[in-house]
Amino acid sequence: MSETPTDAAVTQGDTARVEKEAAAAERKAEPSGFGALLRGGAGHNLGLVLALALLALVGVLSGGERFGSVDNVMTILRLAAVIGVVSIGMTFVITGGGIDLSVGALVALSSVWCTTLSTQAMANDYHWIFIVTTALLVGAGAGLINGLLVAYGGVVPFIATLAMMASARGLAEIISARKTQIVSVPGFTDAFSRDIFGISLLIWIFVVVAVIGWILLNRTTFGRRTLAIGGNPEASRLAGINVRRHTVLLYVLVGLCCGIAAVMLISRTTVGSATHGQLYELDAIAAVVIGGTLLAGGRGTIVGTVFGVLIFATLSNVFVINNLSISAQAFTKGLIIIVAVLLQKRFSRQPGS
Amino acid sequence: MTETPQPSNDGVAREPGGGGGALLEMTGIVKRFPGVLALGGVDLDVRAGEVHCLLGQNGAGKSTLIKVLSAAYQPDEGEILWEGEPVRLTTPVAAMKRGISTIYQELDLVPGLTVTENIFLGHELATAGFSRRSEATQRVRTLLARLGHREVDPNRLVGDLSPAGQQIVSMARALSHDTRLLILDEPSAVLDQEEVDNLFRVVRGLTAEGVAIIYISHRLEEIRQIGDRITVLKDGRTVATGLPVEDTPTAELIRLMTGRSIEYVFPERPTTPPSRGTAPVLETSGLCGDRFRDIDLRVHAGEIVGLAGLVGSGRSEILETIYGARRSSAGTVSIDGRRLRRGSVRAAVAAGVGLAPEERKSQGLLLDQAVYRNVTVSSMSRFAKAGFLDSGAERRAAEELTRSLDVRPAGVDRPVRNLSGGNQQKVVLARWLLRDCKVLLLDEPTRGVDVGARTEIYNLVRRLADEGVAVVVVSSEVEEVLGLADRVLVISEGSVVHEGPATEIDESKVLDLVMEGEVA
């Protein structure tokens, strides 16, 4: 028999006291003071803004004009744009209680798949739109496989996407025969190296994806369901949500983002390569987590992810400007992740207290 | 009933000769939890070599008492004497060192370790960190022989054993600690008849060696077979202790267990019974599943049907199968004459069925999300245009409902986690009210709900029925089922053993049915 203390409450409970304690618990839950500021969503974003500002200050002090110039800022943003698009997709998967380790490999696979098509005989007949469509379809298709494995195959997300990470990268190498493939399709490079209002198209793509992501997460049934199944899949199922189908859609969404990122990467580097997107999975997860999305699912923030991406991109840039090694950069990155997560634990609402 | 009669030692036939004074004596044990008095004065004395049975309904305090004894909880008041000496059992290890071992219903074994490794878990036989395997195996063989189960292989993985085999391993582990008092919490629940006979043989062997047993079971026939004396708990208090098993009639035991110190107020039933002539809203026929078989249920609009039975009798499984959360193995579920797709929650929800699940927090609610989101989660499409949610409309709808259900504190933007149990339950009900559901399935609707809020929930359920909802209520508390429902089905071991109007059956009759398992 399950005789928990609460069970016994039924017969012996002292109503007045129960209510008093509930009220006390409530007061405790009401945030107050500085901690409250940090606890709230706005507070977290404020922390991210401060971190970014601090990094920029370090950049200006150490690099001066080389850091602060418009050109350099655009470089940072262009760098951030590709990983940013992947991170937006990652935000959805993680908010929905999953994880996708295959994003880097999917970027590589999408890139070589479409460049291979375009380097074959009929290359010159190809409109650049085919490159884009192929990349998106490959990304979404691989995401679909991930999603089916997780939702219907019962494979834990970590393992399913780990397997995809290995296979997709391998397939990318097979397709490209380990060669970088230069894009020769007329119009493609022209189309994507354009500036709009003096800002690179790549940056615009990131902005558009982020805005759509924000709307999708915060204003639609899709976003609400994502939060619900990430927070409590069983309760969501019993509430009548089609948890499996939704899970598949989440992985398709992140795959699609990988396809978009592949197109952006091809246009920036003018090549498709099986080595594209190395360690993107770690960069994306790191950006999502320091942004404030709960790794366990149930809470997600697009704005936080955007800041997370910008912080890491700025960090890289500051290190490059000061001629510091990639290794030092990686070390600092790890440090930032840990500090950010510890701060979050410190200031986030303690469940159940 | 006179308080705490103390029959003389000689009066009990199975009492071994050597049993002099009490091995364990507990007096006036009080245990409080925040806002709850779990034990309000429990007396218990257990003699060496006897089987002392502990009886009581759900919530009577049996489990809490066991946890006090095994030092999982510290009592707030009261005295524990061990062989006449006052003792304080501060940690589970301290209790174990005195020789008190508990075998819980959920066996706490590690499935991936062998029998021997489980038995010596935490006190491994080892020299400088290297385990002395052959010696351990040898000792396990001795223990198993003492239990009369030589056939259990010490080197098998515990996960590969049957529930009965695992229970033997638990007992062997207890004995490896030189146990003098063994507490068995519903040991027969997972066993078939032959295994129960085996268990009794082991128990008799142990008592012959002078080990005292505290035996908890709902099955009176078992208590008659194995017990020496009985202590009855009710509402956290001892109502009778030391009753000799052989001289106490069943009726007397049931009388002691029933009746309450606090009477709940149930809403009045409608004077005219819900139209039985009309077609039922919910109908199951020959429904079979995990732990039940051949359930024929008919629930009409405006009717509350209660399912009474012990935990594990299949009640919750029936509800979950109707709801599609479990797959039925045979039979059908129909709503308004239309058959539901098997094992599909979404089909059930679409047909107008709602469930307030037993585990409200893990199955019912999105704890960290706002009240309004918990209310609208099953009706999102109503508030969406082309996938875009109108959260203003959501809030307004949730506000209206929570106000009418008197959810306190008001405010639909606070996380559900911050609400009390009763108010959380109202949020779950609001979710289904929003869908205008036709059938409402309530599994333990007042678990974790305090006394004041219970009456509110009862009134609410009756109001829903009056508005034409067909309600099915499952509860471990017989009084609740009888007080709330129009019609009652008593479930025992997965089958209906009685069906009839709630007014024509009383608590002791229901207990009789579920404990004896006989068809009336």
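In chain B, 9 residues of domain 1 are in contact with 9 residues of domain 2, two residues being in contact if their C-beta atoms, placed from the backbone, lie within 7 Å. The model is a predicted one, in which local features need pLDDT of at least 70 and side-chain atom pairs count only at pLDDT 80 or more, whereas totals for chains, interfaces and linings use all residues. Residues are numbered from 1 along each chain as its sequence is written, and chains are lettered from A and ligands numbered from 1 in the order in which they are written.

The side of domain 1 of chain B that touches domain 2 of chain B draws at least two residues from each of helix H7 (220–226) and helix H8 (250–257) of chain B, where helices (H or I, at least four residues) are DSSP runs numbered from the N terminus. H8(B) gives the most to this side of domain 1, with 3 residues. By class, this side of domain 1 comprises 4 nonpolar, 2 polar and 3 charged residues; Ala, Val, Leu, Ile, Met, Phe, Trp, Tyr, Cys and Pro count as nonpolar, Asp, Glu, Lys and Arg as charged, and the others, Gly among them, as polar.

In the domain assignment of chain B, domain 1 spans 21–99 + 180–257 and domain 2 spans 282–516, with bounds that come from an automatic or database domain assignment. The C-alpha centres of domain 1 and domain 2 of chain B are 34 Å apart.
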